[in-house]
Amino acid sequence: MIGTPFRRAAAGAALAAGLIAAAGPPAAVLVGPRPDLDVEARARVVRIVAPPADFSAPEPFEAMAGGAATRRIVPGPQSFAQPAVGLSRAEEDAFLVGRAVFRKLWVAAPTSTHASDGLGPLFDARSCATCHVRDGRGRSPTPQGGDGFVMRLAAVGADGVPRPDPVYGTQLQGAAVTGLAPEGRVAVGWTPRPVTLADGTVVTLRAPTYAAADLAFGALDPATRLSPRVAPPLIGLGLLAAVDDGDILAAADPGDADGDGISGRPAWIADPASGIADPAGGPARLGRFGWKAAQPTLESQTAAAFSADMGLSTSLHPSPFGDCTTAETACLALPTGVTPEDAPTEVPASMLAATVDYVATLAVPVRRDVGAPAVLAGKRIFHAIGCAACHRPAYVTRRDAVPAAFALQPIRPYTDLLLHDMGDGLADGVPEGGAAGREWRTAPLWGIGLTGTVGPAGVGYLHDGRARDLVEAVLWHGGEAEPARAAFASLPATERDALVAFLKSL
């Protein structure tokens with residue numbers, strides 16, 4: 001029965017009762033085969049995730065974006081830093097241990113603090129929390145870069161296959177341990193780009209230009225391209241991990257067979273260990289984390305960040321030199337933080353697991369003002385102009401989700417977890433995982449209304465923080481999202497404001 005996990009907590013039971021009774025048009029295309037559900041339960045899930053037909057009132061329990069795991073909290077700077085509701089005592093303890101690791105300031109080796117050394121030798125941050133400010137977005141780029149803003153590097157040859165820059169590796173490292181020069185810094189410039197909306201309103205976007213400056217080892221390889229990234233918010237990641245692959249694939253339309261202009265391509269990531277076959281017959285897993293869905297699991301995403309951002313080794317990235325390349329001989333000659341008698345890597349398996357547990361159980365905060373007339377009007381417009389085609393509102397998580405509090409939860413992340421061509425304006429030209437240079441994974445929108453409340457001053461939107469507000473963020477959409485962007489630009493001001501009010505309620 002689908003209701004069993006809901007009965008775990010009173011809130012969960014009430015939520016289930018309401019949602020099971022929810023009615024709506026069938027939307028079988030949005031739900032996969034779901035081997036974890038019987039026929040009756042699957043039919044209920046189909047009704048739960050069906051697009052709304054009535055915008056005069058909120059849907060049942062719509063404010064509970066993270067299902068019964070949603071955290072009710074007065075909006076404030078710590079809105080993203082709370083544990084999910086319904087965790088067991090042991091899971092709450094694991095959350096606290098993971099938070100300590102997440103906030104730990106790592107130091108260069110060697111020191112007497114074996115549990116905290118191994119930083120670098122090249123790095124961008126000393127802790128996870130440096131980039132994910134209060135578990136939210138990183139700082140927008142400044143002319144000198146900024147914490148939480150990194151520059152990925154990829155040398156893309158004629159075959160289109162990305163490779164690390166032969167000298168600087170996969171990421172431009174802006175810091176280094178004592179005695180070693182940083183690789184360089186990111187230089188950012190802005191060019192005003194006025195956009196005139198249908199009612200005559202002029203919105204001036206800022207178009208970024210990026211360059212690698214003060215390079216310690218000469219110029220980048222001519223084939224190297226730059227891919228700017230801001231650290232994304234971390235709420236709800238465990239719930240996204242609990243979305244069934246089949247539900248994601250049910251919305252995929254890589255060849256745009258339905259002719260609606262929206263492709264939605266799954267990001268298949270090669271993974272020989274998984275034994276899961278991709279459509280081409282090779283072993284692969286479905287990517288769903290990161291700006292380009294290049295990571296299939298929270299463990300792989302977290303380990304990649306330890307390596308690239310802090311130069312720390314894990315079982316998945318065992319080099320203690322992080323992103324140092326063979327051309328950076330001074331980097332490779334420095335001490336590492338590996339203490340074989342303690343662990344074979346600088347980040348022991350227990351620390352990696354604790355960090356994964358932490359980011360997996362950060363709660364989605366309750367929505368605000370879901371019944372306000374402007375919010376409901378904005379929700380109607382969101383669906384009417386096509387935003388929901390990619391920012392898919394709802395799912396029901398898998399029955400076997402971990403932790404158990406995440407099982408069979410109706411959630412509203414507003415993402416299809418698929419790749420989409422976002423046009424020239426947002427393209428970085430860098431393929432990654434299964435994504436092409438113009439493709440990005442649809443970003444989840446839950447919590448986006450609290451971005452300015454949680455984040456530092458001047459925090460921005462989109463993958464590189466270029467958009468200073470939600471209107472700018474919408475107007476940067478292109479490619480498959482161009483019709484929705486154009487529809488937004490043609491709206492009267494009152495309807496644009498309503499759409500923004502809806503987004504701010506998420």
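Student: What should I know about the model and its numbering before we start?
Tutor: This is a predicted model, where local features need pLDDT of at least 70, side-chain atom pairs count only at pLDDT 80 or more, and totals for chains, interfaces and linings use all residues. Side-chain values use heavy atoms, with hydrogens and water left out, and residues are numbered along each chain as its sequence is written, from 1.

Student: How many helices and strands are in the chain?
Tutor: Both kinds are DSSP runs numbered from the N terminus: helices are H or I with at least four residues, strands are E with at least two. Going by that, the chain has 14 helices and 13 strands.

Student: What box do the C-alpha atoms fill?
Tutor: Take the box along the principal axes. The C-alpha atoms of the chain then fill roughly 65 × 55 × 50 Å.

Student: What share of the residues is buried?
Tutor: Buried means under 20% relative accessible area, exposed means over 50%, and partly exposed is in between (1.4 Å probe, protein chains only). Of the 506 residues in the chain, the buried share is 55%.

Student: How much of the contacts in the chain comes from residues 24 or more positions apart?
Tutor: Contact means heavy atoms within 4.5 Å. Looking at contacts with a separation of 6 or more, residues 24 or more positions apart account for 68%.

Student: At what angle do α7 and α9 pack?
Tutor: Two packed helices are described by the angle between their axes and the distance between the axes. Axes are lines fitted to C-alpha atoms, for helices over the stretch in contact, and angles run from 0 to 180 degrees between N-to-C directions. For α7 (residues 298-310) and α9 (residues 349-360), the axes are 10 Å apart and the angle is about 115°.

Student: Which residues make that contact, and how do they divide?
Tutor: From α7 come Leu298, Glu299, Thr302, Ala303 and Phe306, while α9 brings Leu352, Thr355, Val356, Val359 and Ala360. For sorting, Ala, Val, Leu, Ile, Met, Phe, Trp, Tyr, Cys and Pro count as nonpolar, Asp, Glu, Lys and Arg as charged, and the others, Gly among them, as polar. The contact of α7 with α9 divides into seven nonpolar, two polar and one charged.

Student: Which residue does Ala109 join through a cis peptide bond, and where is that residue?
Tutor: The bond in question has omega near 0°.

Student: Is Leu408 buried or exposed?
Tutor: Leu408 lies in the loop between β10 and β11. Its phi is near 50°, a positive value in a residue other than glycine. Arg398, in the loop between β10 (395-396) and β11 (410-411), touches Leu408, among others. With 0% relative accessibility, Leu408 counts as buried.

Student: And Asp369, buried or exposed?
Tutor: Asp369 is in the loop between α9 and α10 (373-384), and its phi is positive too, near 55°. Its relative accessible area is 56%, so Asp369 is exposed.

Student: Is Val364 buried or exposed?
Tutor: Val364 is found in the loop between α9 and α10. Leaving aside neighbours within four places in sequence, its contacts include Ala65, Ile235, Leu239 and Trp446. At 2% relative accessibility, Val364 counts as buried.

Student: How far apart in space are Leu475 and Val203?
Tutor: Leu475 is in helix α12 (residues 470-475), and is buried because its relative accessible area is 6%. Val203 is one of the residues that Leu475 touches. The two are 272 residues apart in sequence, yet C-alpha to C-alpha they are 8.9 Å apart.
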